[in-house]
Amino acid sequence: MDRFEADPSGEWSELMDHLCPQLDTAFTASFAALPRLAEVATAGSRETLSWVLLAAGAIAACSPGLSEPDSPLTVFSAPIAVLHGLTDRRLSQTVEAEEYVNLLQTLLSFEGVEIWDRCLDGLQTGEYEVDCPYCGIDVFVVIGQNDFFCCTEDYALREVQKSPLQPARVQELEGLPRRLFTRAMADGQESLAHGVRYLFGRAACPDCGTDFSVAERVTAGWSP
């Protein structure tokens with residue numbers, strides 16, 4: 001879902017059409033706008049804060065990584081640190097799941113975390129589409145409120161063959177997955193935290209039975 005489609009005024013959508021078209025393209029002027037966005041976020045109202053943070057996060061997500069020479073994440077590290085702090089605080093105050101996931105991705109964008117700064121929204125929509133690493137068939141991975149499975153046909157229209165997902169055990173989570181789980185739990189987002197275990201768990205292709213890591217197939221299918 002477009003992070004800005006619920007903007008009632010449309011002004012942030014219009015701004016992003018110029019600064020970060022399709023939320024996947026940024027220009028020199030886009031990165032140069034980060035200090036001003038940090039100022040607006042600091043002085044702005046609570047009602048506009050999320051939009052400013054999401055705008056800045058979309059730009060940061062387009063930046064070359066921290067390991068790249070003259071990365072905008074390094075050049076503009078001071079305003080990004082301000083935006084990161086505001087996002088961190090806002091996350092703890094956010095109840096609505098869609099906004100929470102968008103802000104979580106924004107937080108990762110400011111840290112230079114690649115792929116997952118754009119690929120967590122399936123935790124909120126409840127679905128990822130991946131391909132089987134063995135037979136190549138498209139697989140729907142469903143991480144819902146009460147059901148966790150994968151299938152190869154449109155499960156919304158008919159009864160389909162389902163293969164249950166196997167969640168990662170909490171004690172097995174390390175690195176970023178562990179951090180995402182712990183953060184969501186601390187912020188009262190238990191459903192999302194539960195989804196993290198399935199996103200970083202395992203599935204079996206309903207057609208050929210091949211066991212695979214859900215997260216590895218999500219990252220394999222990601223393209224900037």
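1. In this predicted model, Glu129 stands opposite Phe140, a residue of strand β2. The strand that carries Glu129 is β1, which spans residues 127–131. Strand β2 covers residues 138–143, and the two strands pair in the antiparallel sense over 5 bridges.

2. Tyr128 and Val130 form the covered face of the strand. Glu127, Glu129 and Asp131 make up the uncovered face. Glu129, the residue set opposite Phe140, therefore belongs to the uncovered face of β1.

3. The hairpin of β1 and β2 has 6 residues between the strands. Within this hairpin, Gly136 takes a positive phi near 80°.

4. Rolling a probe the size of a water molecule over the atoms shows where empty space is left. In this model, the count comes to 2 cavities of 30 Å³ or more. The second largest cavity has a volume of about 40 Å³.

5. Which helices each supply at least two residues of the lining of the second largest cavity? They are α7 (97–111), α9 (175–186) and α10 (190–199). Helix α7 gives the most to this lining, with 3 residues.

6. The lining of the second largest cavity consists of Tyr100, Val101, Leu104, Leu123, Leu180, Ala184, Leu192 and Val196. By residue class, this lining divides into 8 nonpolar residues, with no polar and no charged ones.

Technical notes. Residues are numbered from 1 along each chain as its sequence is written. This is a predicted model: local features need pLDDT of at least 70, side-chain atom pairs count only at pLDDT 80 or more; totals for chains, interfaces and linings use all residues. Side-chain values use heavy atoms; hydrogens and water are left out. Buried means under 20% relative accessible area, exposed over 50%, partly exposed in between (1.4 Å probe, protein chains only). Helices (H or I, at least four residues) and strands (E, at least two) are DSSP runs, numbered from the N terminus. Two strands pair if DSSP finds at least two bridges between them. On a 1 Å grid over the protein atoms alone, a cavity is a set of points where a 1.4 Å probe fits but cannot get out, and a pocket is an open set with protein on both sides within 12 Å along at least five of seven lines; lining residues have an atom within 4 Å of a point. Grid points are joined across faces, edges and corners, and a volume is the space filled by probe spheres set on the points. Ala, Val, Leu, Ile, Met, Phe, Trp, Tyr, Cys and Pro count as nonpolar, Asp, Glu, Lys and Arg as charged, and the others, Gly among them, as polar.
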